[in-house]
Amino acid sequence: MLHFLLMGGLIFLADALLASDRKEQIFVDQSSIDYLVKQQERLSLRTYSDEDIDQLIAAYIEDEILYREAYKRGLNQGDTRMRRNMILKLRGLMIAKVKEPSEDQLKDFYQNNLERYTRPEQFQVDHVYFKDESSVSPGLLDELNQGADFRSLSESYFQTYGQSSINSPRSELASLFGEQASRYIVETDSDHWMGPFSSVQGIHFVKRSGIAPPKVAAFEQVAPYLPMDWQAAEARKLIDAELDSVRENYSIVVERTQ
C-alpha cells in the first residue's frame, strides 16, 4: 500500500514539475522587437528609450495573450480578419460589463487625467506640394525664400485637404510630409523654406512658421467624450484582472540582445 502511495506521490510531483513545459509559449525575439521599435519611432519621430521599448514589448505580449484567449472562447467564428478583430471582440466583452458613470465620477476622472485632455504642441507648417519631381522648377526654393506666393505654386495635396498652411501635432507630421521633411520641421531653428523632400506621396517644400504650446481643454469641451473614456479606463482594469488570471497559463520568453 505504501508502495502505491509513494508511486502516486512521485507521479503527482512529476506532473507538477512538467506542468510548466505544457504551458503555451509566447516568444518575442530581437527581430520582432526591432520591427516594433522601428515602426513606432518612424511614426513618433523620436528615439525610443529602454522604458518605451519595455512598454512596447508588454503591449505585444498582452495582445498575444488576448488573441489566444479569444480563440479559446470561439471568438474566431465567422471572422475573416481574425487576429485584430478577435482581440477587439474580447476587449469589447470586457467593456460591456462596465456600468454608466455618474457626473461626479466623470468630473473626478477629468481632474485626474488632465494630460489626456491636453492638446499637444502644434507645429504650424507652410507647405508646397508636387506629385512628382518633374513639376518642380529648378529655382523654386530661392523663389519661396524670396517671398513668392507659396499657395499659388503648390499642387493640391489630398493629405491636407488642399490646405497650404496647417497645424499638426508631432505624431502626425510623418504621415503628412514624410520622415525627412518632418524631422526638419521638428528640429530646425530656421524660419526659411527647405526642400525638396521626397515621400511616398510626392515632393514637399516646407517652412515651420511657428509652434503653438500645449493647451488643456475645458471640462465642457470634452464632456461628450468623458463617459466613453471613463468606461475604457474601467474596462482596462477588468482586462488587467483577466490577464493576471490567465497569464500563469503561458510561458513568456523575451529574447532581447540589445
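Visitor: Which residues in helix 2 meet helix 8?
Guide: In this predicted model, the side of the contact that belongs to helix 8 consists of Arg170, Ser171 and Ala174. The residues of this contact divide into two nonpolar, two polar and two charged. On the helix 2 side, the residues are Arg42, Leu43 and Ser44.

Visitor: How do the directions of helix 2 and helix 8 relate, roughly parallel or roughly perpendicular?
Guide: The axes of helix 2 (residues 30-44) and helix 8 come within 6 Å and cross at roughly 95 degrees. Angles of 65 to 115 degrees count as roughly perpendicular, so helix 2 is, relative to helix 8, roughly perpendicular.

Visitor: Which strands does helix 8 lie across?
Guide: Helix 8, residues 170-177, runs at about 130 degrees to strand 4. The strands that it lies across are strand 3, strand 4 and strand 6 (203-212).

Visitor: Which strands stand at the edges of the sheet, and why is one side of each left without a neighbour?
Guide: The sheet is open, with four strands in the order 4-3-6-5 and antiparallel pairing. Each edge strand has a single partner strand, so one side of it has no neighbour in the sheet; these are strand 4 (165-169) and strand 5 (194-198).

Visitor: Which residue in strand 4 does Phe123 stand opposite?
Guide: Strand 3, residues 122-130, pairs with strand 4 in the antiparallel sense over five bridges. Within strand 4, the residue opposite Phe123 is Ser168.

Conventions
Residues numbered from 1 in each chain as written. Predicted model: local features only at pLDDT ≥ 70, side-chain atom pairs only at ≥ 80, totals over all residues. Heavy atoms only, no water. Pairing = 2+ DSSP bridges. Helix = DSSP H or I, 4+ residues; strand = E, 2+ residues; numbered from the N terminus. Contact = heavy atoms within 4.5 Å. Axes fitted to C-alpha atoms, helices over the stretch in contact; angles between N-to-C directions. Parallel < 35°, antiparallel > 145°, perpendicular 65-115°, else oblique. Nonpolar A, V, L, I, M, F, W, Y, C, P; charged D, E, K, R; others polar.
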